[in-house]
Amino acid sequence: AAPYMQAYFQKIHVLGEDKSLSSRSRFAYQDLIDMRSKGWKLRRKVETAKTLEEIRKEAEREERMQQQQSQQNNYGGRGGGGRGRGGGRGGDKGGYRGGRGGGDYRNDNRESGGRRDNRGYDNQYDNRGGGRGSRNDRNDGGGGGRGNYGYSPNRGPPPMPSSRMAPPPVAPKILSAPGGRSGGEQFSKEKIEIRAKNMRDEFMNEGRDEKELLLTMDENLGGNEKAGNIIVQLYADKSMDCKAPERKAMNDILVILYKAGKLTKSDIEGPMADMVEFIDSFVVDSPGAIGFLGEMLAPFLDMKVLDIKWLCEKTALLMNKKDQKEVIHKAILEMKKACGDGSARAVFGGPNEVKALEQLLGAGEFQSIAAQCL
């Protein structure tokens, strides 16, 4: 067996360097080589369903991070004035970027920090700060130390020194969504994936509520023309190495979303085509992957979203004839299990379908499968 494996992986190495193939194909081959060199360790972390409390905490963390980013965009610092520590807010009353001096307003006779002119303004263009403020200085931000452009509220806003202004944060790259929700937020790919995971967990933990599922899709994942494709790709990948209840939930979600018009035919076709073409690499980590693929394909074959011609074209891209036969065999079995014998015969047993399947597998091989399953 060792010489065969060596020859097989030499071929994979060549394919992994072939620039004429798609990036996804090359990366899949390279991942397979890397896993072999690392003792066939799992490359994906096995996820379990989250509790409602974990979902809430994750949402709270997202909100806190957004608030922190929003606060970083505000240029106000801590101003001078107040009781001892330079209270007051920068840009309001205590001076732009006021310092630490602070004043004590409890004694009218104490000396105020900064300089005073005959109109009672404190700390005007005085960078030395220090001292204590009087009661009258309480509202003017008196006593501010090291304050740049300390000023009275009667003088209007301070000048903004452009040389000290922090650059605006760089927004993450998002996917454009022409014709999306008017005024709604358009999420990045990473955020859509996080929301899709939460949507799956809520569906599992809240009684598989279809109405709530559709509302979540509209509110949290709408406004982006590629959101559906991203969700299907994520669920397809996760279905290869997760527990049966989680896999069933994701498959059911995709069917519900398609029937409700939230997913398009192209959203389904692209990710499913990738799964069929690269199913042999998933088998390395998950021996039952071809069966899991059959579970995903069955409802969409039954709804005519996918057809046998499409399935044969994608299955033909597999190099191993044994894998091709197994994909067709498992697809028929899973369709019988999910949709019934009649649906399986209608999809796989028509004249055109039989012809395409015989061209793919050979007449003898397909007739053998048909005798067992159809």
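The following paragraphs lead through the structure from its overall composition to particular residues and side-chain pairs.

The model is a predicted one. Its protein chain contains 15 helices and 0 strands. Of the 374 residues in the chain, 40% are buried. Among contacts with a separation of 6 or more, 60% are between residues 24 or more positions apart. The chain has an accessible surface of about 21,300 Å², and carbon and sulfur atoms contribute 48% of that surface.

Two surface patches may be considered next. One is nonpolar: M5, W40 and V284 together form a patch of about 240 Å². Within this group, W40 occupies the loop that runs between helix 2 (23-37) and helix 3 (52-72). The relative accessible area of W40 is 38%, so the residue is classed as partly exposed. The other patch carries negative charge and is formed on the surface by E206, D209, E210, E212 and E219. One of its members, E210, belongs to helix 5, which spans residues 210-221. E210 is likewise partly exposed, because its relative accessible area is 44%, a value between the limits of 20% and 50%.

The loop between helix 4 (189-205) and helix 5 also holds R208. The phi angle of R208 is positive, near 55°, in a residue that is not glycine. R208 has 34% relative accessibility and therefore counts as partly exposed. A positive phi is also found at K304, where the angle is about 65° although the residue is not a glycine. K304 lies in the loop that joins helix 10 (289-302) to helix 11 (308-315). With a relative accessible area of 60%, K304 is exposed.

Which residues does E62 touch, apart from its neighbours within four places in sequence? E62 is in contact with K191, I194 and R195.

Attention now turns to the charged pairs. The structure holds 13 salt bridges. In one of them, the side chains of D274 and R24 meet at 3.4 Å, N to O. D274 lies in helix 8 (residues 265-277) and R24 in helix 2, so this pair ties together parts that are 250 residues apart in sequence. R24 is partly exposed, its relative accessible area being 33%.

A further salt bridge joins the side chains of K262 and D218, with an N to O distance of 2.9 Å. Here K262 is placed in the loop between helix 7 (244-259) and helix 8, while D218 belongs to helix 5, so the pair ties together parts that are 44 residues apart in sequence. Both partners are partly exposed: K262 has 29% relative accessibility, and D218 has a relative accessible area of 35%.

K336 and D341 form another salt bridge, in which the closest N and O atoms are 4.0 Å apart. K336, at 24% relative accessibility, counts as partly exposed. D341 falls in the partly exposed class as well, at 40% relative accessibility. Salt bridges also occur as a network, in which R200, D201 and E246 are linked.

How far apart in space are Q372 and L333, C-alpha to C-alpha? The distance between them is 9.7 Å, and they are 39 residues apart in sequence.

Methods: Residues are numbered from 1 along each chain as its sequence is written. This is a predicted model: local features need pLDDT of at least 70, side-chain atom pairs count only at pLDDT 80 or more; totals for chains, interfaces and linings use all residues. Side-chain values use heavy atoms; hydrogens and water are left out. Helices (H or I, at least four residues) and strands (E, at least two) are DSSP runs, numbered from the N terminus. Buried means under 20% relative accessible area, exposed over 50%, partly exposed in between (1.4 Å probe, protein chains only). Contact means heavy atoms within 4.5 Å. Accessible areas come from the Shrake-Rupley method with a 1.4 Å probe; for residues, only the protein chains shown count as cover. Patches are made of residues with over 30% relative accessible area and no salt bridge: like charges are joined within 9 Å, nonpolar side chains (Val, Leu, Ile, Met, Phe, Trp, Tyr) within 5 Å. Lys and Arg count as positive and Asp and Glu as negative; His and the chain ends are not counted. The place of a charge is taken as NZ of Lys, CZ of Arg, CG of Asp or CD of Glu.
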